[in-house]
Amino acid sequence: MSICYIGVGSNLGDPVEKAQQAIIALKELKDSSVINASSLYCSKPMGPSDQPDYINAVVKLETSLRPLALLDALQQIELTQGRVRKDERWGPRTLDLDILLIDNLQIENERLTVPHYGMCNREFVLYPLFEIEPLLILPNKKTLSTLVENCPKNGLQIFNEIQ
Ligand code: ROI
């Protein structure tokens, strides 16, 4: 069994519903169980600013799937939820499921890089992850709390708080 953290992101359609459906789909994922899920967060887009704000969350998953089988399963969920992969880099997306961490593994191949290459400086990953795993230490030995302290919030808010 591995412990994984999955980043959830959406800014098209009904992003709150997309994120909630993604968490439900993760709960139904074969050979896996959801241990915890963060609150939903509202974040400013990283990348082109002429796109809607994002809803982001992080899910802690226990799984016996091997990394590439997990990636396949996540991409299947993205497709089921209607994601159309566009060529535009950093453009809007209906649903993004990113593998952030798998145990203390470091993986680099053409399909998968773990830890996720951008996670250490993205507020919409670090703060939700910190909410559910405040004592986490990354494979590079950095503590999550230090990364969070050094990462501006850039307007990030817990979604429920702004209703
Ligand atoms: N920006 C935010 N705020 N949240 C995301 O999930 C997200 N995902 C992306 C890019 C386009 C980098 N920007 C994002 O893939």
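Three salt bridges are counted in this predicted model. A salt bridge here is a side-chain nitrogen of Lys or Arg within 4 Å of a carboxyl oxygen of Asp or Glu. Local features need pLDDT of at least 70 and side-chain atom pairs count only at pLDDT 80 or more, while totals for chains, interfaces and linings use all residues. Residues are numbered from 1 along each chain as its sequence is written, and side-chain values use heavy atoms, with hydrogens and water left out.

Take the salt bridges in turn. Lys-60 pairs with Glu-133, and the closest N and O atoms are 2.7 Å apart. Lys-60 sits in strand E4, and Glu-133 sits in the loop between helix H3 (123–132) and helix H4 (144–149), so the pair ties together parts that are 73 residues apart in sequence. The names follow a rule: helices (H or I, at least four residues) and strands (E, at least two) are DSSP runs, numbered from the N terminus. Are Lys-60 and Glu-133 buried or exposed? Both are buried. Buried means under 20% relative accessible area, exposed means over 50%, and partly exposed lies in between (1.4 Å probe, protein chains only).

Arg-111 meets Asp-72 in another salt bridge, at 2.9 Å from N to O. Arg-111 is in the loop between strand E6 (107–108) and strand E7 (113–114), while Asp-72 is in helix H2, so this pair ties together parts 39 residues apart in sequence. Arg-111 is partly exposed, at 39% relative accessible area. Asp-72 is also partly exposed, at 41%.

Lys-44 forms a salt bridge with Asp-53, with the closest N and O atoms 3.0 Å apart. Lys-44 counts as partly exposed because its relative accessibility is 38%. Asp-53 has a relative accessible area of 30%, so it is partly exposed.

Now turn to the nonpolar cores. In soluble globular proteins, nonpolar side chains tend to be buried together. A nonpolar core is a set of buried Ala, Val, Leu, Ile, Met, Phe, Trp, Tyr and Cys residues joined through side-chain atoms within 4.5 Å. The largest one has 30 residues. Among those with the most contacts inside it are Ile-6, Val-8, Leu-29 and Leu-97. Which elements supply at least two residues each? They include strand E1 (2–10), helix H1 (15–27), strand E4 (54–63), helix H2 (67–80) and strand E5 (96–102). H1 gives the most, with six residues. A second, separate core has 19 residues, including Met-119, Tyr-127, Ile-132 and Leu-156.

Look at Val-8 in the largest core. Contact means heavy atoms within 4.5 Å. Leaving aside neighbours within four places in sequence, Val-8 is in contact with residues including Ala-19, Ala-22, Ile-55, Val-59 and Leu-97.

Next, follow helix H1. Its buried residues are Pro-15, Val-16, Lys-18, Ala-19, Ala-22, Ile-23, Ala-25 and Leu-26. They pack against E1, strand E2 (32–37), E4, H2 and E5. The expected span of a helix is 1.5 Å times one less than its number of residues. For the 13 residues of H1 that gives 18 Å, and its end C-alpha atoms are 18 Å apart, which agrees.

Glu-17 also lies in H1. Its relative accessibility is 38%, so Glu-17 counts as partly exposed. The side chain of Glu-17 makes a polar contact of 2.6 Å with the side chain of Gln-21. A polar contact is a pair of N or O atoms within 3.5 Å; within protein, one must be able to donate a hydrogen and the other to accept it, and residues adjacent in sequence count only if both atoms are side-chain atoms.

Another polar contact, of 3.1 Å, joins the side chains of Gln-51 and Tyr-54. Gln-51 lies in the loop between strand E3 (41–43) and E4. Gln-51 counts as buried because its relative accessibility is 10%.

Finally, check the backbone. The peptide bond from Val-114 to Pro-115 is cis, with omega near -5°. Pro-115 is in the loop between E7 and H3. Lys-141 is not a glycine, yet it has a positive phi of about 75°. Lys-141 is in the loop between H3 and H4, and it is exposed, at 69% relative accessible area. Asn-154 is not a glycine either, and its phi is positive, at about 50°. Asn-154 lies in the loop between H4 and strand E8 (157–158).
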